[in-house]
Amino acid sequence: MSGRRSLVWLGLTPEPERELPPAVAALRTRAPGAGATGRDPAAFERHRVERLILHGSERSWLRYLAEVTDLVASVADGTSAGDPRAALVAGEVVLDHHRMLIGLPGAAYDRTAQDRSTLEAAVRTLRATAAGNGPGAVAAAPETGNRAMAGRRLHGTSDEAAPAGVRVAPPPRATAAGHPPEHRVAPHPETRHRDYPAPGTSIPDGDRT
């Protein structure tokens, strides 16, 4: 077995090296039990990432990303009071990295299967939080839609919503005979005035049929 370490995994590190230090530093400083590092947290995290890339191995790098995954998941499930925006950045970066492992030789892609599943769930939750669509809003949406549909059907309108600002009136009530008034066809006003004299007007004998 060759004593030289494999370098192929380094092709996936540029974005994590650039994006992770400030985001992970923000998560670590808010994590339960986080201690003072004695220096700028982002600089400390950047130094750690650089040391892993320059002197570490694929396994040590993946162990570091597993720590980041745990931080992201703890913010997504509410067990840590970290910044959701920083957690979303870190989660998306690590998830993209783990997905690209499929193109590398070795078993790294299979070893990170559980972390990918955890990150996918966490990123979905964090994206919904960032968009302002928390669980309550998502649950209320179908009910709101059903109410709108029921209202349109109740008033006899089509399933398409009316344009904004246009009020859709319900159909008139049925008459005593049970026939809606709209079924009665009234004569056109011009026809009525031309062919039918107004009430009380005498009709010449020559015009009677």
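Predicted model: local features only at pLDDT ≥ 70, side-chain atom pairs only at ≥ 80, totals over all residues.
The protein chain contains 8 helices and 0 strands, and its elements, read from the N terminus, follow the order α-α-α-α-α-α-α-α. Of the 209 residues in the protein chain, 26% are buried. Among contacts with a separation of 6 or more, 64% are between residues 24 or more positions apart.

Helix H4, spanning residues 84–100, packs against helix H6, spanning residues 113–130. The angle between the two is about 145°, and their axes lie 9 Å apart. The crossing of H4 and H6 is left-handed. On the H4 side, the contact is made by Pro-84, Ala-87, Leu-88, Gly-91, Glu-92, Val-94, Leu-95, His-98 and Arg-99. The residues of H6 that they meet are Asp-115, Arg-116, Leu-119, Glu-120, Val-123, Leu-126, Arg-127 and Ala-130. Sorted by class, this contact of H4 with H6 comprises 9 nonpolar, 2 polar and 6 charged residues.

Arg-116, one of the H6 residues in that contact, also lies over the face of Tyr-109. The distance from Arg-116 to the ring centre of Tyr-109 is 3.6 Å. As for pairs between aromatic rings, a search of the whole structure returns 2. Trp-9, Trp-61 and Tyr-64 are linked into a cluster by ring pairs.

Conventions:
Residues numbered from 1 in each chain as written. Heavy atoms only, no water. Phe/Tyr/Trp six-rings, centres within 6.5 Å; stacked < 30°, edge-to-face > 60°. Lys NZ or Arg CZ within 6 Å of the ring centre and 35° of its normal. Axes fitted to C-alpha atoms, helices over the stretch in contact; angles between N-to-C directions. Helix = DSSP H or I, 4+ residues; strand = E, 2+ residues; numbered from the N terminus. Left-handed = near helix turned anticlockwise from the far one by under 90°. Contact = heavy atoms within 4.5 Å. Nonpolar A, V, L, I, M, F, W, Y, C, P; charged D, E, K, R; others polar. Buried < 20%, exposed > 50% of the residue type's maximum accessible area, 1.4 Å probe, protein only.
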